[in-house]
Amino acid sequence: MSNRVRITLTAFLAYAVMAGMLAQIGIMINPMAEHYGQQATDVANQFSWLTVGILVGSVISLGIFDFITIRTLNLATFSGVIIAISGFFFLDAYAANAILMGLIGISCGIMLPAAAVVISRTYEPNRRATMLVITDASFSISGAVCSALAVSYLAANLHWSTGYSSVALIALLALVLILASTFPEVGEEEKKDPLTELRQWPLSVYLCMLALLVYLVGQNFILIWLPSYALGLDGASSDQAGRLVSNFWAGMFVGQLIAAAILLTVRASSLALVSAGFALLATIPLWVVLDIEILGYMTFIWGIVTLGLLKLILSWATEMVAVPSPRLISVLLMAATMGTAISPSVSSSLVAATSFRAALQAGSLCFLTVLILVFLARYFRNNV
């Protein structure tokens with residue numbers, strides 16, 4: 001196995017780790033609430049430690065690549081994930097879980113920009129979009145597999161955190177690859193003053209950043225509360241409700257493979273606009289359909305038609321500058337993780353004030369906003 005293959009696989013596994021953590025939030029809320037005797041909305045708020053930790057890690061990544069090598073950061077962050085997941089089982093304390101989730105979040109917030117930097121430095125622009133979409137495919141398949149395993153473990157009455165053991169195994173595999181690899185690093189000539197670099201980016205880059213933030217808010221609003229909403233439908237079981245999340249990730253994996261093939265002949269900007277439109281339309285049946293069986297198919301279709309939208313937008317934004325710097329990639333991912341960070345607490349407040357259905361409808365509104373932002377970014381890119 002060549003060094004290029006090893007570091008590419010490490011980048012894929014970084015996304016798989018984060019997916020394994022995030023995909024299980026909606027599934028874990030009720031079992032954790034029962035295990036610790038807490039309210040579901042309080043448990044959902046505790047997951048904010050994970051998502052805010054991701055945001056903190058993203059902020060740290062804005063400058064950390066100037067001081068610490070990517071290889072060292074990867075070793076530290078993947079190790080941190082393994083240690084924290086072990087703590088869920090061995091400590092088994094509700095208060096301690098918040099700290100452990102924060103540690104995992106910070107680790108993920110650093111390892112994702114590192115992975116994107118590796119991909120952007122390893123592949124030329126004409127291959128970069130395809131490879132970045134494939135990293136999202138690893139995100140999706142991990143989300144589907146880890147969430148499906150979590151449902152099975154919970155059905156077998158195992159400890160609530162058993163589902164995260166899959167994530168720990170992914171991180172362990174990544175550590176083995178990192179120890180056998182060398183990574184591209186940031187040269188001295190690339191280190192610029194942050195404010196100078198920010199001023200050099202075109203308006204379309206900032207519109208893409210905002211689109212990434214709103215996209216993750218909308219996606220998480222739906223994924224966090226869809227299982228709880230589905231439990232209120234006639235004849236729906238907890239197993240069926242939990243598998244809706246797995247269906248989405250499985251569908252997204254298929255959609256990302258389709259996107260990777262389409263990108264061989266179609267520009268990322270064009271596919272991003274099409275994907276945003278279809279993703280919006282596909283969210284509407286999620287809060288209209290009242291049959292749990294049909295809802296299962298609709299979540300799968302929703303996953304397919306998103307076509308790896310997050311990485312399409314990110315890849316397109318990196319094409320707007322001559323050389324995509326680590327800081328640009330970090331800022332783009334920070335915008336996305338900010339959306340992930342605020343989703344649990346904001347959506348919990350919305351649900352507490354209204355209903356589960358309102359959270360899904362708010363998700364659709366977010367996808368409409370994403371469509372508008374992508375359209376504006378394309379307009380300003382082509383006409384200014």
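**Briefing: a buried serine and a helix crossing**

Let's start with Ser-138, which sits in helix α7, spanning residues 125–155. Please keep in mind that this is a predicted model. Its mean pLDDT is 87, and 96% of the residues reach 70 or more.

**Ser-138 and its surroundings**

- The relative accessibility of Ser-138 is 13%, so this residue counts as buried, the cut-off being under 20%.
- Beyond its neighbours within four places in sequence, Ser-138 is in contact with Phe-12, Tyr-15 and Ala-16.

**Where α6 crosses α15**

- A pair of packed helices is described by the angle between the axes and the distance between them.
- For helix α6 (residues 94–122) and helix α15 (residues 326–353), the axes come within 9 Å and cross at roughly 135 degrees.
- On the α6 side, the contact is made by Leu-112, Pro-113, Ala-116, Val-117, Ser-120 and Arg-121, which meet Pro-326, Ile-329, Ser-330 and Leu-333 of α15.
- Sorted by class, this contact between α6 and α15 has seven nonpolar residues, two polar ones and one charged one.

**How confident is the prediction?**

- Among the elements of the protein, helix α8 (residues 165–179) has the highest mean pLDDT, at 95.
- Helix α9 (residues 194–200) has the lowest among the elements, with a mean of 73.

Technical notes:
Residues numbered from 1 in each chain as written. Predicted model: local features only at pLDDT ≥ 70, side-chain atom pairs only at ≥ 80, totals over all residues. Heavy atoms only, no water. Helix = DSSP H or I, 4+ residues; strand = E, 2+ residues; numbered from the N terminus. Buried < 20%, exposed > 50% of the residue type's maximum accessible area, 1.4 Å probe, protein only. Contact = heavy atoms within 4.5 Å. Axes fitted to C-alpha atoms, helices over the stretch in contact; angles between N-to-C directions. Nonpolar A, V, L, I, M, F, W, Y, C, P; charged D, E, K, R; others polar. pLDDT = per-residue confidence, 0-100.
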